[in-house]
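Open the model in a viewer and keep the selection tool at hand.

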Amino acid sequence: MSQIPSTAQAWRLHKLGLLADVIQEDTVPIPSPADGEVLIKLSHASLNPVDYKLVGLMGRFLKLPRTVGADFSGEIVSVAQGCHASWVKQGVRVYGIWAADKVLSSGKGSLSTYFTIPSKYLAPIPPLLDYESAAGIALVGLTALSLNQTFQKGWKVFIVGGSTSVGLAAADIAKAKGASLIVASASGEKKNVLKQRDKEVDVAGELSLRYKDQPFDVIFDCVGDRFIHEKCPSFLKATGEYRSIGASSLSPESRIWSAEFRSLGLWFLKATILPSFLGGIPRKFRLLGPKDDDLPKLDEFVQSGQLRPVVDKTYPWNEAREAIKYLATGRALGKVNIAAPVAPAA
């Protein structure tokens, strides 16, 4: 193993604005891991829409400067005392995630060539997965796992945004848990990928006609589709649940005071509080998100091969801005990664 340098390269945010426009590459010191932590040599950082949405919606609460990113893959190069598991050793290939509260309060993130992180936010990469594929598992997988909580074998599932990274992972987990039917919405070129993953493809406008007599037990909304939610009583059982991961469709320009965000607030009001005679939707609505403590549960699906990560595109380190811009277009089918300039050995 090569000697650990004294400094790392990191893509960091120093001021608010559109993330792709305001990030800059900095040289930062490499700290020693504290008790319960390890030092990671980055292989790939994986981007998520929350990376640019945090700047717009939570900008005033962010600690600046802050390193961008939550998901990653890499190699453990140094281990402190007090780590949570015996497998946490120097030289182990890992994937992991920065917890949301740590991202907000510490200014730390994954888009750094070296960084320290608590070992409990890591899991070992299975032998059949490479660094590139593993980098984007954690946040997407944990979100998909939250949608599948209390899932019952035999359920019929409709996934809004089935070609998103969360949608693909949610379908994999639902299939592993014994779903009897998985229907997913997609459009254009994304339909072919869904068919290849054993998912029936449907157009949202046909749901009422096709499934009113055999409605779904649960709906996973991975994009925040208000129209589908309003119409769901026609194809979701009266005892069924509409499970959403929230404002996935918000643009990079969205702000808390924007009309788009106010409209979203009205949707949540109709979904959770208003009775049907005032415009409320007569189906149980749950807003769900990732729980960092569920990483061991997620890893069971990863190690067994039941969760199959999809990578759309990997950008070189010096094209981080272009990677963020591409992610914001919404055209990615799978994860968008950024490769470290000097990756650990495979």
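Helices (H or I, at least four residues) and strands (E, at least two) are DSSP runs, numbered from the N terminus. This is a predicted model, in which local features need pLDDT of at least 70 and side-chain atom pairs count only at pLDDT 80 or more, while totals for chains, interfaces and linings use all residues. Residues are numbered from 1 along each chain as its sequence is written, and side-chain values use heavy atoms, with hydrogens and water left out.

**Stop 1**

Select Y326, which sits in helix α12 (residues 320–328). Y326 has 13% relative accessibility and so counts as buried; buried means under 20% relative accessible area, exposed over 50%, and partly exposed in between (1.4 Å probe, protein chains only).

**Stop 2: aromatic pairs**

How many aromatic pairs does the structure hold? There are 8 aromatic pairs. Rings of Phe, Tyr and Trp (its six-membered ring) pair if their centres lie within 6.5 Å; planes under 30 degrees apart count as stacked, over 60 as edge-to-face and the rest as tilted.

Select F72 and F115. Their pair is edge-to-face, with 4.9 Å centre to centre and 85° between the planes. F72 belongs to strand β5 (residues 71–79) and F115 to strand β7 (residues 114–118), so this pair links distant parts of the chain, 43 residues apart. Both F72 and F115 are buried.

The rings of W98 and F115 form a tilted pair, 6.3 Å centre to centre and 45° between the planes. Because W98 lies in the loop between β6 (93–97) and α3 (100–106) and F115 in strand β7, the pair ties together parts that are 17 residues apart in sequence. W98 is buried, as is F115.

Then select F158, Y211, F216 and F235, which ring pairs link into a cluster.

**Stop 3: the cavity**

On a 1 Å grid over the protein atoms alone, a cavity is a set of points where a 1.4 Å probe fits but cannot get out, and a pocket is an open set with protein on both sides within 12 Å along at least five of seven lines; lining residues have an atom within 4 Å of a point. Grid points are joined across faces, edges and corners, and a volume is the space filled by probe spheres set on the points.

The count is 1 cavity of 30 Å³ or more, and the largest cavity has a volume of about 120 Å³. It has 14 lining residues, of which V140, S165, A169, P309 and V310 are the closest to its centre. The elements giving two or more residues to this lining are α5 (137–147) and α6 (165–176), and α6 supplies the largest share, 4 residues.

Colour the cavity lining by class: 7 residues are nonpolar, 3 polar and 4 charged. Here Ala, Val, Leu, Ile, Met, Phe, Trp, Tyr, Cys and Pro count as nonpolar, Asp, Glu, Lys and Arg as charged, and the others, Gly among them, as polar.

**Stop 4: the second largest pocket**

The second largest pocket has a volume of about 290 Å³. Select R12, V28, T67, G107 and K108, the closest to its centre of the 17 residues that line this pocket. Two or more lining residues come from each of β1 (7–13), β2 (23–29) and β7, and β7 gives the most, with 3 residues. By class, the pocket lining has 9 nonpolar, 6 polar and 2 charged residues.

**Stop 5**

Is T150 buried or exposed? T150 is exposed, with a relative accessible area of 52%. T150 is in the loop between α5 and β9 (156–160), and its phi is near 55°, a positive value in a residue other than glycine.

Next select L111, in the loop between α3 and β7. L111 is buried, at 0% relative accessible area. The C-alpha atoms of L111 and A340 are separated by 8.4 Å, although 229 residues apart along the chain.

Finish at A186, in the loop between β10 (181–185) and α7 (190–196). A186 counts as buried at 16% relative accessibility. A186 and G162 are 6.1 Å apart in space, C-alpha to C-alpha, and 24 residues apart in sequence.
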